[in-house]
Amino acid sequence: MIKFYGYKRCSTSRAAQKWLTEHNVKFDFQDLVEQPPKKADLINWLTQHQDRGLKYFFNTHGQDYRKLHLKDQVADMSIAAAAEMMSKNGKLIKRPLVVEGEKLTCGFNEKTYQEVWL
């Protein structure tokens, strides 16, 4: 089953949920702010998809990202450090994070969803 980590107040998460529902793709929703992914899961995903770079997983437009001045730190950050931060603060994760097995997407792009989730 597809795991959908989103945020109810995020318009991008809502658009992605709507797209999946309209295309009859079943998913299990988890609020990533109330219950962020576990550090071990994040380490696994960040490692498995490290070709995308850590920045792909961060919500670079978010207030928390800016407050913590992560723009200057992400390039030198370890996967373990990034996973630790994200597991404690779901607002640092680019929304929505959608995972099933080896497939993973961050953010919402219709073309990407078509290729990955259909």
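In what order do the four strands of the open sheet stand, and what is the pairing? The order is E2-E1-E3-E4, and the pairing is mixed. E2 and strand E4 (103–106) stand at the edges with a single partner strand each, so one side of each has no neighbour in the sheet. Direction ignored, neighbouring strands here are turned by 15° against each other on average.

A few ground rules before going on. This is a predicted model, where local features need pLDDT of at least 70 and side-chain atom pairs count only at pLDDT 80 or more, while totals for chains, interfaces and linings use all residues. Residues are numbered from 1 along each chain as its sequence is written, and side-chain values use heavy atoms, with hydrogens and water left out. Helices (H or I, at least four residues) and strands (E, at least two) are DSSP runs numbered from the N terminus.

**The sheet, pair by pair**

Two strands count as paired if DSSP finds at least two bridges between them. E1 and strand E3 (residues 97–100) run antiparallel and are joined by three bridges. E3 and E4 also pair in the antiparallel sense, over four bridges. Here are some of the residues that face each other across these strands:

| Residue | Partner | Strand of the partner |
|---|---|---|
| Lys 3 | Val 99 | E3 |
| Val 98 | Thr 105 | E4 |

**Helix H1 and its two sides**

Helix H1 covers residues 11–22, twelve in number. From first C-alpha to last it reaches 16 Å, close to the 16 Å expected at 1.5 Å a residue (the expected span is 1.5 Å times one less than the number of residues).

Which residues of H1 are buried? They are Ser 13, Ala 16, Gln 17, Trp 19 and Leu 20. They cover an arc of only 160° around the axis, which puts them on the same side of H1; the arc is that of the directions from the helix axis to the C-beta atoms. Buried means under 20% relative accessible area, exposed over 50% and partly exposed in between, with a 1.4 Å probe and protein chains only. The face turned away from the buried side carries the exposed residues Lys 18 and Glu 22.

What covers those buried residues includes strand E1 (2–6), strand E2 (27–31) and helix H5 (110–117), with contact meaning heavy atoms within 4.5 Å. Just after H1, Asn 24 takes a positive phi of about 55°.

H5 lies across E1, E3 and E4, running at about 170° to E4. Such angles run from 0 to 180 degrees between N-to-C directions, with axes fitted to C-alpha atoms, for helices over the stretch in contact.

How many aromatic pairs does a search of the whole structure find? The search finds seven. Rings of Phe, Tyr and Trp (its six-membered ring) pair if their centres lie within 6.5 Å; planes under 30 degrees apart count as stacked, over 60 as edge-to-face and the rest as tilted. Phe 108 and Tyr 113 form an edge-to-face pair, 4.8 Å centre to centre with 90° between the planes. Phe 108 is partly exposed, at 25% relative accessible area, whereas Tyr 113 is buried, at 0%. Ring pairs also link Phe 4, Phe 27 and Phe 29 into a cluster.
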